[in-house]
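Hi everyone, thanks for coming. Let's have a look at this one together.

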Amino acid sequence: DGIMTIIIVLLLLMLALLSILEVSFTSLNIIRIKRLADTGNKSAKVVYKLYSNYSETLTTILVINCICGILVSTLTTYYFSNLYGDKIIPLVTIILTIIILVFTEIAPKIIGREYAEDYALKLCNLLKWMVKLLLPLTKAIGKFEKKVKNNHKVTATKDELVEIVKTIKEEGVIEEKESIFIQKAVLLKKLRVNNVMVPSEDVSFLYDTDSSEKVKNCIFRDKHDRIPIINRECKVMGILYEVDLLDEILNNRPISIKRNMKDPIVVSKSTNLASCLEILEAARAHMAVVTDKENKFLGIITMEDIIAELMKS
């Protein structure tokens, strides 16, 4: 009887340890472990190797957890039914379920998540031997996994990369300004033109029928070298560049907007900033006009606006 009790208690302890290991490895800061391993820490090297073979390691934990769970349930039921008869089985089942939930699942997983590194380093050698013991089984499961593996699955999202950047900033590997810049660069596709554009009410523009005097006033008074041109229906017609008007301005000749304006670079307000930057670079332009589906003028966005957003702290 005493031996059976000891075996059941040991199995419950094993279930608790396996829960701690499972959560420790899923919550592990592998960058910190890698740095620790590089300093020569033997446990960190073992943890890093186990993490590198994550599929085998996790499979080992889950298989042993399943075996221990079945054994503790079977042995407990067998032990108490022999002592008190079959009537005690429902009560034993309820008590065992509570014990397993609280002491081998919930509590160990909370502890494992909060102290992931500590427990991973302390229990890594035990886990290493478990992995070796079940290597033939995990290899077989690995072959099955390769057959059903989704090759198009993304291994790391942009959000996860941002978290990595935050971590290495906290570790002192990069400066805070560098961290912010990398994070913004990574998430540039999430930002839209409407997040940084200058709305039409704040933009100096001209109508395609405006006079030479209005053109000159816009250039000299507002000091703009690139002016959007729209018609009376607020639809974009083109862009007027100051450099194209130098001859007329210097010789005091009339300026023809329609003759001098160039085709505009047009983007929608929902275009992401990464795509907008690519469009501007491909066209060797510094400014794009923002329009709606009907080509109506909504505002402008410049290369400087996008770079300013990147540099913003």
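Let's begin with Ile-265, which touches Ile-279, Leu-280, Ala-283, Ala-285, Met-287, Ala-288 and Val-289, leaving aside residues up to four places away in sequence; contact here means heavy atoms within 4.5 Å. This is a predicted model, where local features need pLDDT of at least 70 and side-chain atom pairs count only at pLDDT 80 or more, while totals for chains, interfaces and linings use all residues. Residues are numbered from 1 along each chain as its sequence is written, and side-chain values use heavy atoms, with hydrogens and water left out.

Where does Ile-265 sit? You'll find Ile-265 in the loop between helix H13 (257-260) and strand S5 (266-268); helices (H or I, at least four residues) and strands (E, at least two) are DSSP runs, numbered from the N terminus. Ile-265 is partly exposed, at 21% relative accessible area. On that scale, buried is under 20%, exposed is over 50% and partly exposed lies in between, using a 1.4 Å probe and protein chains only.

Now to helix H4, residues 54-84. Its 31 residues reach 44 Å from first C-alpha to last, close to the 45 Å expected, that is, 1.5 Å times one less than the number of residues. Buried residues in H4 include Ile-61, Cys-68, Val-72 and Tyr-79. After H4 comes Gly-85, with a positive phi near 90°.

Last stop: Ile-106, in helix H5 (residues 89-114). Ile-106 is partly exposed, with a relative accessible area of 48%.
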